[in-house]
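Please look through the sequence and the model below before reading on.

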2 protein chains.
Amino acid sequence: MTRQSSDHIVLSSHPGAQGQARLHDIHWGKPTAAERGPVIASLTDVGQRNAIGSHAGAYAVYRALAVASGALQRDHRPDLTNTAPAEPIGPHPQWADPDKIVSLDPWGHLVASVFAEHIAAGIDARPTIAVTKAHINMPELKDAIAAGRLQPDGNILSDNGDVRVTKAAIDPVWYLPGIANRFEVKESSLRRALFEQTAGMFPELVTRPDLKVFLPPIGGMTLYFFGDVAKLGKPGTRVACRLHDECNGSDVFGSDICTCRPYLAHGIEVCIEEAQQGGVGLVVYNRKEGRALGEVTKFLVYNARKRQPGGDRAETYFARTECVAGVQDMRFQQLMPDVFHWLGITRIDRWASMSDMKHGALVEAGIEVVERVPIPDGLIPMDARVEMDAKKAAGYFTSDMPAAEDLTLPKGRALDE
Amino acid sequence: MTRQSSDHIVLSSHPGAQGQARLHDIHWGKPTAAERGPVIASLTDVGQRNAIGSHAGAYAVYRALAVASGALQRDHRPDLTNTAPAEPIGPHPQWADPDKIVSLDPWGHLVASVFAEHIAAGIDARPTIAVTKAHINMPELKDAIAAGRLQPDGNILSDNGDVRVTKAAIDPVWYLPGIANRFEVKESSLRRALFEQTAGMFPELVTRPDLKVFLPPIGGMTLYFFGDVAKLGKPGTRVACRLHDECNGSDVFGSDICTCRPYLAHGIEVCIEEAQQGGVGLVVYNRKEGRALGEVTKFLVYNARKRQPGGDRAETYFARTECVAGVQDMRFQQLMPDVFHWLGITRIDRWASMSDMKHGALVEAGIEVVERVPIPDGLIPMDARVEMDAKKAAGYFTSDMPAAEDLTLPKGRALDE
């Protein structure tokens, strides 16, 4: 980081270079906000900072353009009037365990209230989570009403298909020692890889071991709640959940090569049913496009699958990704359970996912999964049979394992079809 | 950047610190790939690099986790067999103008062919664009068929609503002198803001003025083509277009506070019509969630709008964003026209957007817009009237300007409604 100056750039990437002691240490996992202390990652007074990276990191480059072009004053501080969460969430006992939540700030939605005194004293602490309310309407839900699968109740679900939801946006906040533990690597190795393998992003990762908190410039997550959010964390509350990793081509445009949007819509049906019966439904939407490989890699893999000798088939589904990307998947479900701990959830009664990686991560985190709900066969799009067979063969939850010879059949369209 | 070593980290963020001359200079805007040269931003041999940042920058942190955890070999190079574009795009004359395209690499989809000799000689050049084919199916298109607005033709549009598309994913590649020109700032000021206002991302921005190309860690764009892509750039070709900036809450979940998904679906209808009449339809989907402010800020603003004295109304629509974020918008449409230059497009016959900023940027870039197609009134969701009135009053294209007193009326839902 640099200290701002109108004349020259001063690199201050080593401890002590800021010329003053940091006043606000972070004590991750302490039971109260006062003991934990605020995460300060804003840029209006760099001497206050106690974290690496910045808010809304995935958009930090746009923020820089705004300052460079004169559209944004570099010392602007947000007016947080009326922005407080539309529904209370927490605190839950899990917030006081430094190992249970390592990839988000459990106090992130409450910054304006729990750190009000700090802010009044000039500390530029900012929310990393926002909670609001909305009405959503997906054409698939109208179809579910027409087919009699969903019944409008005039509250959660209206006749016209409108659904009342609470929703939360969460930016990532990483506690580096906890992230390193989760991946079973040394913190120093993690920091070095984060620095080197991003082409040198944030030298402070290697020069400032005293800064333990990092706001990575990656997409966060969005939560959609169905039913009464206040019931979460209470022992008797039934919970239904779809945990969904972004797939723009299907989620928005309905591409038929995968089951993403159909499974999402089905998961929302399951969530609405649960909420109508007095439980809580939850959709977790993670910004991890193309298994966190990005869409360019994804489309390169699509071409390689469609053109390979023998056609697009299940037995080579994962191999084609590995040829291009070097790995089959970079989503790292190890961090995924954090959001359930944040919500106080210890048991998921209906889990709308077949992924063995997601299920395994929950079990590892001590969260009970009672029933696994596969996607109904009739919702699988035509070109998505390759994906579905490949995933079942690789260990995804199913009662309908494809035969070995079935995996060799080209079931996907060629590029010119 | 560092040179990789098993023992220690060597900072090499200054020219010459790599201990060897760079062999592959980039000559931006030269008419042939051979003269322009490859952009080398991979990390398998840092001595080759001639750009700042890395591929799929928005996912670079995940890549680092993959290496740290041992899942990915740091020296993995992609096998690009069978990954070539599914449809040819370019070259177009605009590629040879260093001012027309500054935010993407026009040769990005052709890397494996035009730089085949470099790759064979050990240069780790990688695609920044991928072009594939798909079938998409959106429930709204089935509705349009049922309502008689769209007629299936068995080729572009099938009876079941399936639509054949070509699609392209594009990662950003910035030519910094060109970006600075576009924003009318000095290159050194731009570099400094990009470094400082991202909290110190990429010191090379300020220490390596000789490196002119930057792969920023932000989302890119996806293009959906309807009809024959090869017709683009030819004088007689009619083009219809929807340029859409991501809004996950509406695009995926159908939140009714804005017109995003309805306008997108309408734009796709317009694109299909144009393709059926022998032209080309194009949807450009930019990853700029919440006006590039991110979703946490967006939800904070929703709360402030809903709770402000006087209720959610058009006259204070932009002000609430500015209070929280310091600006109304960070999307910077100045860079948006690049993709049209890349496609050889000089005229857009049907432009499905009301935004004055988008329209102004196209005109500024010398691209003619013949007809502007507003969203049909019947498609505007209930809670989105505030947005629509505010935008019309602020200069958005309309034949139906709201009256001044209309802007003061609370038309949006309260949080508890």
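This is a predicted model: local features need pLDDT of at least 70, side-chain atom pairs count only at pLDDT 80 or more; totals for chains, interfaces and linings use all residues.

Residues are numbered from 1 along each chain as its sequence is written, chains are lettered from A and ligands numbered from 1 in the order in which they are written, and side-chain values use heavy atoms, with hydrogens and water left out.

How much area is buried between chain B and chain A? The size of an interface is often given as the accessible area lost when the parts come together. Here the buried area is about 10600 Å², and carbon and sulfur atoms give 64% of that; buried area is the accessible area (1.4 Å probe) that two parts lose on being put together, summed over both. B:Y62, B:Q197 and B:F253 supply 8% of the area that chain B buries against chain A, more than any other three residues. Chain B brings 131 residues to the contact and chain A brings 131 residues, where contact means heavy atoms within 4.5 Å.

The two chains also meet through polar atoms. Between chain B and chain A, 49 residue pairs are in polar contact, both residues being at pLDDT 80 or more. A polar contact is a pair of N or O atoms within 3.5 Å; within protein, one must be able to donate a hydrogen and the other to accept it, and residues adjacent in sequence count only if both atoms are side-chain atoms. On the side of chain B that touches chain A, helix α2 (residues 60-68) of chain B gives the largest share, nine residues. Helices (H or I, at least four residues) and strands (E, at least two) are DSSP runs, numbered from the N terminus. The residues on that side of chain B divide into 72 nonpolar, 29 polar and 30 charged. In this count Ala, Val, Leu, Ile, Met, Phe, Trp, Tyr, Cys and Pro are nonpolar, Asp, Glu, Lys and Arg are charged, and the others, Gly among them, are polar.

Helix α5 (residues 139-146) of chain A has A:P139, A:E140, A:L141, A:A144 and A:I145 buried, that is, under 20% relative accessible area, with exposed being over 50% and partly exposed in between (1.4 Å probe, protein chains only). What covers these residues includes β5 (163-170) and α10 (260-276) of chain A, together with α5 (139-146) of chain B. After α5(A) comes A:G148, with a positive phi near 85 degrees.

Strand β9 (residues 239-245) of chain A has seven of its seven residues buried. In a regular strand the side chains alternate between the two faces of the sheet. In β9(A), one side holds A:V239, A:C241, A:L243 and A:D245, the other holds A:A240, A:R242 and A:H244, and all are buried. β9(A) runs parallel to strand β10 (residues 280-286) of chain A, joined to it by seven bridges; two strands pair if DSSP finds at least two bridges between them. A:D245 has A:N286 as its bridge partner in β10(A). β9(A) also pairs in the parallel sense with strand β11 (residues 347-351) of chain A, over two bridges, and there A:A240 stands opposite A:R350.

Charged pairs come next. Side chains of opposite charge can pair when their charged atoms come close. Over all chains there are 72 salt bridges, each a side-chain nitrogen of Lys or Arg within 4 Å of a carboxyl oxygen of Asp or Glu. B:R287 lies in the loop between β10 (280-286) and α11 (289-292) of chain B and A:E246 in the loop between β9 and α9 (248-251) of chain A, so the pair joins two chains. Their closest N and O atoms are 3.1 Å apart, and both residues are buried. Across the interface of chain B and chain A there are eight salt bridges.

Within chain B, B:K306 forms a salt bridge with B:D383, at 2.7 Å between the closest N and O atoms. B:K306 lies in helix α12 (residues 295-307) and B:D383 in the loop between β12 (368-372) and α16 (385-393), so the pair ties together parts that are 77 residues apart in sequence. In chain A, A:D256, A:R305, A:K306, A:D312, A:D383 and A:R413 are linked in a network of salt bridges.
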